[in-house]
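Thank you all for coming; I would like to walk slowly through one structure this morning.

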Amino acid sequence: MEQLAIVLIGLIFLMGLMVPLLRPLFKSYTGRILALVPFALFGTLTTLFFTLPDQTAHIVETGFGFLPEMQFSFRIDGVSLIFGMMVSGIGGLVLGYSSFYMAKYAGRTKFYFFLVLFMGAMLGLVFADNLLALFIFWELTSITSFFLIGFDHDKEKPRQAALQALLLTALGGLCLLFAVIMIGDLAGTYRLSELYAEGFRFGAHSDYHLVFLLISVAVATKSAQFPFHFWLPGAMNAPTPVSAYLHSATMVNAGIFLLLRLNPLLGGTILWKSALILAGGITMFIGAFFALGQKDLKRILAFTTISALGTMVMLIGMNTSASIKAALIFFIVHGLYKGGLFMMAGIIDKNTGTRDIDKLGGLLKTMPVTSIAGILALLSMSGLPPMLGFIGKELIYDAKVQIPELSWLVIPLGVSANMMMVAISLLVFYEIFQPRRKKGTIALKQPEKRLPGNFLAGPVALALVGLGLGMAPGWLEDTMSNAMYFIQSEVVEVHLALWHGFNQVLLLSIFTVFMGVLIFVFRRPIGKLVRIIITWTDQYHLPDHFNKLIKNYLSFAGKHTNRIQHGYHRFYLMTFFAATFMLVIYQLFSADDGWFPVRELSPLQMHVIVVLGVAMLGVIFAMFTKSRISAIISLGVLGYGISVLYMLYGAVDLAITQFLAETVIMVIFVMVIYHLPDFAVLSSKKSRIRDALIAAGVGVMITLVVLKARFINLETPVSEFFAENSFLEGYGRNIVNVILVDFRALDTLGEITVLGLAAAGVFSLLRFDPKNKNTKK
């Protein structure tokens, strides 16, 4: 079992990288071959699931990394096992399902490549023990989901949906990064295992509100919480296997996982409870309500996913043992029935050519296997026995009843949302499967028995698992207890049963089913009312407003970019020098450290003053002369004057270098001077005065900086290091040469490269003759 998580995640990523090699080899069987690895992972995790030694057992694995803070360490406990089993199990079924569904799609190699990488990223996220590693995998899920949602990139809607999902989840990713850095800085570690072991709680810290806000935005964008929920229905433009995987047990549940992981650190505060309960409750109700007004089967499922995510966020916000237990069970429930329903929708769409529930009907007779799997999933979604969904709904109601101070809010929201879920389940069953319909039985492209088994296996397997766990929920108890320990930081005994007796919770369930049936009976007027409200709210259609916001932002950015990035290099330089001058001068004079002790300045010697005077005269002459030859000679006087200064102060090697450089420059200038155009007045008098002031200011600034550097007393001057090591490590007696060639070798190489590129550019310009059409450009 040593390094198990690292091996599992590494296998998935290796399989993803090998997709371009496997696809030509296995062709239409690629999906089924790829599914073998996640199924093997699922089997391994299942073994661990049933063999955890006790409620506090966990495994922490230290992997690899470049820095102590950035170690890819992983942990296996009840929470990661539950999420890992859902990710790998449903992932294997989706890969097998994709073999037939994607058979006629172009770019199947790309599809499998990104789907498998997404699976690896999700597994890395749920097994990560280091918060920085968790963030990296979090962002990787956003990137790979962007390519999966926008798989049909030749169509506008998938492109827009992918862009919306990427921008929103990227916003959440940045917030998560800042929150993770703050947590690591406050706690002194990024390791969850260390944070749990030392019992860190951030609720009383002064920065808690900021950390919670950042985490909330990350969760809300990833898990489609109001008001960021609008990207999820648009993501239904992706191929159905993508919808079945990303929106059942993986991407949208990443935020749920993050809340559970951070609950021991951030949970339990008034802000945590109030914010999550309010956001989750609103999202839960809105998702169920808008699902009632949809006709596209995938959009119905998308809005019910929003409702389910809101339910889980609300339960985590309640932060009681009963609510956390209900959230974990409901995560399993939702993944099982939603993955099966999405795959069912894909089978129906493939075999009938439509997802419009008004055009479907009578499929129970013509597609019995698909229909039975779908009906079992609908039973679980509506919370009816003997499915696991019934136990999940009972636990949710039980958790809400146990917090009387908030029952006035959570019970009405929960009951109303569940009533609508019952009505939606009945509506889908009646419109799609009910055999006696006036409009007759819809024609199939091929009989169901001719569909491949791997295409039907997904919804059937998930429905049977939901049925089996509903009838024997005791299988989940041990691992649930372990997960509860690492979420609640206390040992909690978990007992699950299909029947809890006749109590208040059962009465609420009966009332929910009755009202759901009533809504279904009056579905036409209620549906009409819902669609009127949806039409009225179109004026506040969040996707349109989001697209408008992005468009206005790009327009605003374009205008200001054109104003700032205008292409005039002289203005770039003036802006740079002016800003640098103000910042440096402010820093110099704001520091009250007596940095300019005049008494320590050494007196200037007359011959030095003479050399400086001659050099200055050369500069002044070069500024006002109208002869290029005179200007070049004057600048040469300045260069040779600096060389003389080097010699006067004992830097003979620098003086020789300066002499050679000045000589070469002079020769080059004389060679090209006759090819330059005549002198022209290219600037006004005001411009020249402005430039002179900027130049003088920069000169003063450099002088002051040099003086400050001269009188800074460092405890260990860097010059001592070079003096001690230039011969021992650089094998050179000339310290300057050793610095340039050894200690600053890369810097020197960079300078040489820049000079070489500049020389190549000058050479190309010299060869260019606009009058000669044959000149190579």
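This is a predicted model: local features need pLDDT of at least 70, side-chain atom pairs count only at pLDDT 80 or more; totals for chains, interfaces and linings use all residues.

**Charged pairs, a helix and a patch**

Let me begin with Arg690, which counts as partly exposed because its relative accessibility is 33%, where buried means under 20% relative accessible area, exposed means over 50%, and partly exposed lies in between, using a 1.4 Å probe and protein chains only. Residues are numbered from 1 along each chain as its sequence is written, and side-chain values use heavy atoms, with hydrogens and water left out.

The side chain of Arg690 meets that of Asp691 in a salt bridge, at 3.2 Å from N to O; by salt bridge I mean a side-chain nitrogen of Lys or Arg within 4 Å of a carboxyl oxygen of Asp or Glu. Asp691 is also partly exposed, at 32% relative accessibility. Side chains of opposite charge can pair when their charged atoms come close.

How many salt bridges does the structure hold? There are eight, and those that share partners join Arg75, Asp77, Asp129, Arg191 and Arg261 into one network. Because Arg75 lies in strand S2 and Asp129 in the loop between H5 and H6, the pair ties together parts that are 54 residues apart in sequence; helices (H or I, at least four residues) and strands (E, at least two) are DSSP runs numbered from the N terminus. Arg75 has a relative accessible area of 0%, and Asp129 is likewise buried at 0%.

Now let us turn to helix H1, residues 4–17. Which residues of H1 are buried? They are Leu4, Ala5, Leu8, Ile9, Ile12, Phe13, Met15 and Gly16. Seen down the axis of H1, these buried residues fall within an arc of 165°, so they line one face of the helix; the arc is that of the directions from the helix axis to the C-beta atoms. Among the elements that cover them are helix H2, helix H3 and strand S2, with contact meaning heavy atoms within 4.5 Å.

For a contrasting setting, consider the nonpolar patch on the surface, whose members include Leu604, Ile633, Val637 and Val670 and which has about 1100 Å² of accessible area together, an area that comes from the Shrake-Rupley method with a 1.4 Å probe, where for residues only the protein chains shown count as cover. Patches are made of residues with over 30% relative accessible area and no salt bridge, joining like charges within 9 Å and nonpolar side chains (Val, Leu, Ile, Met, Phe, Trp, Tyr) within 5 Å. Helices H26 and H27 each supply at least two residues of this patch, and H27 gives the most, with five. Val637 is found in H27 and is partly exposed, with a relative accessible area of 33%.
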